[in-house]
Amino acid sequence: MKYGYYPGCSLERNAAAYDISTRAVARTLGFELDELDDWNCCGATEYIAINKLAAYSLIGRNLALAQQQFHANGNGHLAADGRAQLIAPCSACFLNLRKADRYLQEDAKLRDTTNEALAAGGLHYDPGTVFVRHLLEMIVNDVGYDEVKRHVTKPLNGLRVASYYGCLLVRPRLGGELSDAEYPTELESLTKTLGAEVVDFPLKTHCCGGHMTQISAEVAYELIRRLLQNATEYRADVIVTICPMCQLNLDAYQTRVNQHFGTNFNLPILYFTQLMGLAFGLEPKTLGFGKEIVSAENALIKIQRSPESAAAPAPSRPRKKKEEGLPMPRMPEDEEVTA
Amino acid sequence: MEEITVSIPDTVKPKLRFLEEVSAATPGVSRLEMCIQCGTCGGSCPSGADMDHTPRALFAMIRAGMRDDVLQSNAPWYCVSCYYCMVRCPQEVHVTDLMYTLKRMAIREGYTDHEAAPDFSQTFIGYVEQYGRSFELGLATRFHLAHSPLRKVGIGTLALDMFARDRLSFVPTRIKGMDGLHAILEKAKAITRDAELTGGTQLL
Amino acid sequence: MSDELNLENAEERIGVYICHCGTNIAGTVDVAEVREWAEKRLKSRGVVLARDYKFMCSSLGQELIEKDITENRLTRVVVAACSPHLHENTFRTACKRAGLNPYLCELVSIREQVSWVHTDKHAATDKAKAVLSGGVERVRHHQPLEPLRVPIHPATLVVGGGIAGIQTALEIADAGRRVYLVEREPSIGGHMSQFDKTFPTLDCSACILTPKMVSAGMHPNITLMTWSEVTKVDGYVGNFAVTIKQKARCVKTDLCTGCGICQEKCPKKVIDEVYEAGLGYRKAVYTPFPQAVPKFPVIDKPNCTYFQKGTCKACEKFCPTNAIDFNQQDELITVEVGNIVLATGYDLFDARRIPHYGYGRLANVFTSLEFERLTNAAGPTNGNIVLRDGKTTPKVVGIVHCVGSRDRNYNNYCSAICCMQSLKFAHLVKERTGATVYNFYIDMRTAAKAYDEFYQRVLEEGTLFVRGRVAEVTDAARLPGEEGKLIIQVEDTLAGKQRRIPVDMVVLSAGLQSRHDSKEVAKLFGISCSADAWFIEKHPKLDPVSTMTDGVFIAGCCTGPKDIPNSVSQGAAAAARVLTYIDRGEITLEPVRASINEMKCSGCRICNNLCPFNAILFHADRMVSEVNAALCQGCGTCVAACPAGAISGTGFSNEQIMSQIEGLLLLNLNGAREKELAYA
C-alpha cells in the first residue's frame with residue numbers, strides 16, 4: 001500500500017518523535033509513505049483568523065501539489081473511489097486539509113477565488129480529488145487490528161494507558177472520521193491490540209488548550225490540568241496521543257502546570273506510533289524515545305520488567321456485578337470496561 | 001443634574017445586514033440564522049467561563065445588530081477550536097467557523113488593538129509567509145511573544161528543555177517554491193482587498 | 001393531425017369548468033385566458049362550453065354544473081381545480097345528481113400541480129391549458145361505471161394494548177362489536193402501567209389505568225391475545241384476514257389461577273429490560289407486574305434454565321394446578337375482521353447515544369423511564385427515590401429536558417411530553433426527598449389544560465429552573481465541592497454565564513421515538529411512515545386517525561409523541577370511525593379494477609404472485625389468469641407487469657392514459673404553432 005504523506009511543520013522538529021516512529025511503524029506494517037514534495041504549512045488555527053482567502057490558498061497549494069503528485073499519475077496512491085490519498089499524522093493539518101477540500105466543494109465562490117490565487121503560482125486544485133486521512137484512521141481501517149496484532153512481538157502487558165484524542169481528529173464531523181465525535185474507541189482498541197491495559201479516560205476528547213498556552217496561559221494550564229488529573233485519577237501510566245499539539249501542551253507544560261497549581265503530575269505523553277513500535281519489538285531509541293520532557297523511563301521499565309508475562313494475555317476485567325443496589329444499564333462494551 | 005443617555009440598540013431599525021454579513025463571510029453554510037439560543041455552545045466551551053459573552057449571547061447580539069459590542073468581544077479570541085459547540089449544536093450552526101469570521105472582522109475593522117491573540121496569529125503567519133513553514137509550531141513564536149509584556153517567567157527553562165531534546169531549532173526551514181507561494185498569497189490578499197473596497201462580503 | 005382525431009367520439013358534449021379557488025389558482029393562472037382558449041381550441045375536441053368560476057366547490061359552483069348537464073345535454077365534465085384527493089367526490093356527486101354517471105367526470109389539478117408550484121404567470125397559464133387539454137382527451141374515453149359494494153365484517157383488530165389501544169377496544173366492545181386486542185408483551189397496560197403518577201393532576205397511574213385493563217380483560221366482546229404478534233395481513237377494508245402468532249406461554253390458561261407460586265419458586269432472576277426499564281428484576285417465569293391482565297404468567301424461554309439446560313422444572317413442580325406445559329408451541333391463528341386499529345405506541349430515545357450525558361457510564365444518571373420505576377410504589381425500590389446503590393437518598397437532583405429531542409443530531413422534533421414529565425419529576429423529588437431540584441430546559445412547553453398551572457405550582461415549591469440545554473454531565477471534578485458528585489455543565493442563558501452544578505442524581509428526560517420496528521409494521525399493514533418512522537395520518541388536521549389505506553386506523557403515540565389525554569382521545573376517535581363503517585354494514589369501493597383480456601393472456605402467471613391482494617386466480621384448464629373484482633384494489637401492479645399487455649385497469653386503461661398524454665402534447669404543438677403565427 002502506498003500513501004501520500006504530509007508530515008506538517010511540527011513533525012519536522014518538535015514532534016520529530018512522531019515522524020520517526022510513524023516511519024518505523026510503516027516499515028514494519030509494510031505500507032509506503034510518499035512525502036509530498038515541498039509542502040508548506042497548513043496555517044494551523046491562525047491564518048483563518050486573519051484572512052480567509054489567503055488561508056484557503058495556503059492550504060490549497062498543498063492540495064494542488066498533492067493532486068499533481070499523487071492523483072495525476074495514480075502510481076498506486078488512489079483510493080477505491082479514485083481519490084488520491086494523503087495521510088496527515090497531525091490533527092490540525094488533517095482538519096485544515098480535509099475541511100478546506102470540503103468547503104471548496106460546497107462554496108463555489110471560494111473555490112473560484114482560491115483557484116484564481118493558486119493560478120498566480122501556476123497551480124490549480126479540483127476539490128474532491130484528494131482524500132485527506134489521519135494516520136490513526138488509516139491504520140485502523142486499512143491495516144486493521146488483526147494485521148497489527150500479527151506484528152506484536154512484545155506486548156505492552158501491564159502498562160496502563162489513557163487514550164487521548166483531543167479535538168481536531170474527531171470534530172467537526174466532516175465524514176470519514178472516527179466512530180464518535182465525543183467517545184470514539186479506535187485508539188483504545190488499538191492500544192489493547194498492543195497488549196496494554198486500557199484505562200477509562202472520560203476527558204479523552206477534551207481540549208488540550210491549543211494555542212492558548214501562547215495567548216492566555218492560565219486558560220491553557222487549567223485545561224491541561226483537568227486532563228492530567230483525570231488520567232491520574234484513573235491510574236494511567238502514560239497518556240497516548242495522536243496529535244503533536246496535544247503532546248506538546250501536555251508534555252512541555254506539565255512542569256509549569258505543576259508549579260501553577262501546586263500539583264505533582266508525572267505522566268509521560270507518548271505518540272501512539274511509539275507504543276506500536278515498542279510492541280513490535282523495535283528499540284525505544286529508534287522510536288524517538290528520550291525526546292519527551294516528562295520522561296517515559298518508568299513506563300519503559302514497567303513493560304520490560306516483566307518479560308515472563310509477555311506471552312500472557314492482558315487481564316480482562318469485566319464490569320463488576322454488584323449484588324446490592326440497582327442494575328446498571330447494559331452497554332455494548334460492558335465486558336471491556338475497566339473497573 | 002447629570003444627563004443620562006439611554007441607548008437601546010437598534011430596536012427601531014435593526015441592522016439586519018450584520019447577520020447576513022457574518023453569515024456570508026463564513027465558508028460553507030453557517031446556519032447562523034437557525035440558532036435557537038439554547039446555550040449548548042456556551043455550556044460546552046472549555047473557555048466559556050472566561051468569555052465576556054458566550055457564543056450564544058454573541059449570536060443574539062448579532063441578530064440585534066450590535067456590531068460594536070460583538071466585534072469588541074473577547075469571546076472569539078478565547079476560542080480554542082475544540083469544535084465541541086459545533087458537533088453538539090442541535091441546530092448544526094457552524095459555531096467555530098463563525099468565531100473565525102468574527103476574528104477576521106474584528107481585525108479588519110480595528111477592534112483588536114488590546115488583544116494578544118491577533119498578535120500571536122499575525123506573528124505565526126508572518127513566519128509562514130516568509131518561509132512557507134511555521135518557525136517551530138508554537139514555541140518559536142512563543143519566544144517572540146516573550147518580548148511582549150505578557151509573561152516571561154519560566155520561558156527560559158522550558159525552551160532549554162526543548163533545545164536539550166532537539167525539539168527547537170534556531171533556523172527556520174524554507175520551502176523551495178517560496179516565490180510561487182508568495183505570489184499565491186499576494187494574489188489572495190489582493191482579491192480580499194478588492195472585496196473590501198467593493199463590499200464583496202462573501203470573500204471576507 | 002387534428003382532422004383525423006376530430007372524427008372519433010364527435011358526438012360527445014364536454015363541459016369544462018375552471019376554478020379560481022379565490023386567488024389560490026387565479027393569482028398565478030390567468031383563468032379567463034384558459035377558459036377562452038378552451039372554448040376556442042378545444043371545440044373540435046367536443047368541448048361545447050367552458051366556464052370559470054370563483055369557487056367551483058361551492059353549492060353555486062356545483063349547481064352550475066348540474067344546470068349545464070340538464071340544459072346543455074353534457075355527456076362529459078372536466079373540472080380544472082384542486083387535487084382529486086380533495087374534491088373529486090364533490091363533483092362526481094354533482095354529476096350524479098344531474099343524472100350523469102359520476103365516472104364521466106374528470107378532475108384535473110391546476111392548483112397543486114400548477115399554481116402552487118409556479119411563479120411565472122405566463123408559463124403557469126400555458127401549463128394549466130396543457131393539463132386541461134389532457135383531461136379533455138382522457139374524459140372522452142371514460143366509461144360509465146358502477147361502484148362496488150362490499151359487506152363490512154363487524155369484528156375489529158386492535159394492535160397494541162397500551163392506553164390508546166385499550167380505549168379503542170373498550171369503545172368498540174361496549175358498542176356490542178367483537179374486538180381482537182393483540183399485545184406483544186405478556187400483559188396489556190403499555191407505558192402507562194410503568195408510571196407512578198400522571199401529570200398535571202398527579203393521579204395514581206395504576207389507579208386510573210387498572211380499571212380499564214380489568215374491563216378489557218373481562219369484556220365479553222374482547223378477545224385478548226397477549227404474548228402475540230401479527231404476522232400477516234390479507235384482504236382489504238371490510239374483509240381482512242389477519243394471521244396472529246400466539247407465542248407459547250408454556251402455561252395452560254384454563255388451569256392457571258394466577259397464584260404466583262411459580263414466580264416465587266423460579267430460581268432464575270433476570271434484569272427486566274422492558275417493564276422495569278432495566279432497573280429491576282423478574283423471574284424467568286413471570287407476569288410483568290401484580291395487576292397484569294391477563295393474570296397468567298409466561299415462560300421466557302431464552303432465560304429459562306429448563307429450556308437452556310434441560311433441568312429445573314421448579315415451576316412445574318410447585319404449580320398447584322399443574323398449569324405449566326413446557327411442550328406448548330407457538331400457534332398461528334387467523335381472524336377475520338373488517339377494520340384494523342394500530343395503537344403500537346413509542347420507544348424511548350436511547351440515551352446511550354449521547355455519550356456526554358453519561359448514561360450507562362455514570363451510575364447515577366437515570367432515564368425518565370427508570371425514574372418512573374424508581375418512584376413507583378410497585379417498583380424496585382418501593383417508590384423510594386435513591387441512587388444506584390439502592391440506599392442513598394440524593395440531596396441534589398438535576399433534571400435534563402430535551403434529551404434526544406429538538407436536536408438535528410438525533411430527533412429533530414419536540415417530544416411534547418417531556419416538559420410536563422420533568423415538572424412532575426421535580427415535584428415528586430421535592431415531595432419525597434426534600435432534595436434541591438434543578439430543571440434544565442430550552443423552552444418550557446406547557447400548552448394544555450391545567451398544564452401551566454402545574455408549572456406555577458412546581459415553581460412555588462422551590463424547584464430551580466435553569467434555561468439552558470445541558471452541555472455535558474461529567475464526574476471529572478474540577479472545582480472544590482465537585483468531588484464525588486456528578487457535575488452538570490450548562491450555560492445559564494438568562495444569566496449569560498457558564499455554570500457547573502454539582503448534583504447527586506441526573507434524570508434524563510429522554511424523548512419519544514417511533515417503535516424500532518415501525519417501518520416493518522407499516523409495511524405489514526400497508527400504510528406509510530414519515531421520515532422519523534411515525535405512521536402517517538390521512539390528513540394531519542382533518543383526519544388524524546385514518547390512514548391512506550381504507551379500514552386501517554391509527555391512534556396514540558404511533559403517529560407521534562402524545563400525552564395520555566390525547567392518546568385516549570385518539571383511541572376513542574378511531575373507535576368511532578370503525579363503528580361508523582360497521583354500522584353502515586357495507587362499503588362502496590371505487591370501481592377501479594383490473595381485468596384480463598383472455599385472448600391476450602399467455603398464462604405466464606407473472607401477475608399471480610405480484611398481486612398484493614391475492615386477487616388473481618389462474619385457470620389451469622384454459623391457461624389464463626382472471627382477476628377477482630371483489631378482491632382487486634385497482635393498484636395497477638399487474639397492469640404494469642403483464643408482458644403481453646393483456647391486463648388493463650378500469651379508469652386507467654391504456655387508451656385513457658395515452659390520450660391524456662396526447663392531450664398534454666397537443667397543446668405544446670398548438671402553442672408552438674400559435675407563437676409562429678404571432679411572429680409571422
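The model is a predicted one, in which local features need pLDDT of at least 70 and side-chain atom pairs count only at pLDDT 80 or more, whereas totals for chains, interfaces and linings use all residues. Residues are numbered from 1 along each chain as its sequence is written, chains are lettered from A in the order in which they are written, and side-chain values use heavy atoms, with hydrogens and water left out.

The C-alpha trace of chain C spans about 95 × 70 × 40 Å along its principal axes. Of the 680 residues in chain C, 54% are buried, that is, under 20% relative accessible area (1.4 Å probe, protein chains only).

Chain C also meets chain B. To this contact (heavy atoms within 4.5 Å) chain C gives 19 residues and chain B gives 22 residues. Together the two chains bury about 1,600 Å², with 36% of it on carbon and sulfur atoms; buried area is the accessible area (1.4 Å probe) that two parts lose on being put together, summed over both. C:Arg408, C:Glu491 and C:Gln498 supply 38% of the area that chain C buries against chain B, more than any other three residues.

Three salt bridges link chain C and chain B, each being a side-chain nitrogen of Lys or Arg within 4 Å of a carboxyl oxygen of Asp or Glu. C:Arg408 forms a salt bridge with B:Glu92, where the closest N and O atoms are 3.0 Å apart.

Terms used
Buried < 20%, exposed > 50% of the residue type's maximum accessible area, 1.4 Å probe, protein only.
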